[in-house]
Amino acid sequence: MTKYSAVLITPMIALLVWLMGPAAAAAQLSQGKGDLRVMTYNVDEGTDYLEVAAATNLTQFLIAVGQTISQVRATNPPERMEALAAQIIAAAPTLVSLQELDQWFTGPFDPITQTCGPVTLEFDLLQELLNALVAQGASYEVAVQARQFAFPPIPGLILPGTFLCVQVINHVAILARADLNPGKFQWGNPQSAQYVNVLTIHTPVGDVPEPRAWVSVDANLNGTAFRMIGTHLDSGDPVIRRLQGGELRAVPADTPLPVIIAMDSNARAAPPPQDRTYTDFIAAGYKDAWSEIFPTRPGFTCCQAQLVNNLTSQLTERIDLILTSGEIGAQNISLFGSDQSSKTPDGLWPSDHAGVAAQLIVHKAAR
């Protein structure tokens, strides 16, 4: 029997969750002794940049940029953020780690002078999500956010002949409940930084760095302190991703406080084979809240189709993780946004990822 067996989910509850599906899992998240709820959610920027990555000449690249912004528009970010807000409210997390919080700008392009005109904001996923949370009666504030990559205005072509310029700025963030009694819950010491190890993308218009970043806050719930870290590790290069994981453990996670890492790791935990970035965390002593509760259940979180309009779910791997270190026990855990009832009125998934929310117990250090 492990140290925290008394606070882990009972076999009977686990069986019921398995049989009854995500709706039952959401209900079970509010039961048990653990009163700290945390969540990670990749909100989906609206594209996978597949055409941009495949472009080998300038014409293909221009068309790919046009396809990219067309894809973002087709995924209807404002409506998806409304659906995603409903999933966050259903989970009721105290802290939420969010990834792919993009700002998309568009503007005119003059093909004669080969220059971009002024761009204007078309989509702001963080603001749209905050607006949706307020509209649905929730109270969250941005505890910390950090810029990952920022691509300048880039020319694109929407066939048959519309030129435009597209700019994107990508963020990660942690939201905190703003409606809790400050005598019960406080947060502070917001920190963030970009990783030293960075992927460089080679395009027909030159090399483009794609930095990634981490964010963290120190929090106190019912007199017990801990650190919450959010991040979005690199997806394109397993070596860089593994190095970023090492940076995460060496910098923000290097603290005497209990640590919760809620992230899109891009490191497969299931099905086998497991990504080495994931196994590095396990070897370093981190506990995976999902596998603590469901050691034989895959818990797939990624990924729906690029346009998030697939009829049936296409989640086939688990990369969105809640890892813990120190005196923390897992009580319950569930997926959100992964069943048909979570879709938008237009039939879109809230995101190409499922959200993951856990109910945890942070134990007070022995004196």
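What is the volume of the largest pocket?

Analyst: First, the ground rules. Residues count from 1 along each chain as its sequence is written. This is a predicted model, so to speak: local features need pLDDT of at least 70, side-chain atom pairs count only at pLDDT 80 or more, totals for chains, interfaces and linings use all residues, and side-chain values use heavy atoms, leaving out hydrogens and water.

Now to your pocket: its volume comes to about 850 Å³. (A pocket is an open set of points on a 1 Å grid over the protein atoms alone, with protein on both sides within 12 Å along at least five of seven lines; a cavity is a set where a 1.4 Å probe fits but cannot get out; lining residues have an atom within 4 Å of a point. Points join across faces, edges and corners, and volume is the space filled by probe spheres set on them.) There are 40 residues lining the largest pocket, and Glu-45, Asp-48, Tyr-49, Ile-201 and Glu-210 are the closest to its centre. (Ala, Val, Leu, Ile, Met, Phe, Trp, Tyr, Cys and Pro count as nonpolar, Asp, Glu, Lys and Arg as charged, the others, Gly among them, as polar.)

Asp-44 sits in the loop between strand S1 (36–42) and H3, and its phi is positive, about 75°, although it is not a glycine. Pro-160 is in the loop between S6 and S7, and a cis peptide bond with omega about 15° links Leu-159 to Pro-160. Another cis bond joins Ala-270 and Pro-271, with omega about -5°; here Pro-271 falls in the loop between strand S13 (259–264) and helix H8 (276–283).

The largest cavity holds about 30 Å³. Its lining consists of Trp-290, Thr-301, Arg-318, Asp-320, Leu-321, Ile-322, Ile-333, Leu-335 and Val-356. Strands S15 (320–325) and S16 (328–336) each supply at least two of the lining residues, with S15 giving the most, three. In class terms, the lining of the largest cavity has six nonpolar residues, one polar and two charged.

H5 (residues 77–91) and H6 (residues 125–135) pack at about 55° with axes 8 Å apart (axes are lines fitted to C-alpha atoms, for helices over the stretch in contact, and angles run from 0 to 180 degrees between N-to-C directions). H5 and H6 are therefore oblique to each other (under 35 degrees is roughly parallel, over 145 roughly antiparallel, 65 to 115 roughly perpendicular, the rest oblique). On the H5 side, the residues in contact (heavy atoms within 4.5 Å) include Met-81, Leu-84 and Ile-88, while Leu-129 and Leu-133 are among those in H6. The contact of H5 with H6 counts eleven nonpolar, no polar and three charged residues.

Helix H7 (residues 238–250) and H8 have axes that come within 9 Å and cross at roughly 25°, which means H7 is roughly parallel to H8. Pro-238, Arg-241, Arg-242, Gly-245, Leu-248 and Arg-249 of H7 touch Arg-276, Thr-277, Asp-280 and Phe-281 of H8. By class, the contact of H7 with H8 has three nonpolar, two polar and five charged residues.

Notes
Helix = DSSP H or I, 4+ residues; strand = E, 2+ residues; numbered from the N terminus.
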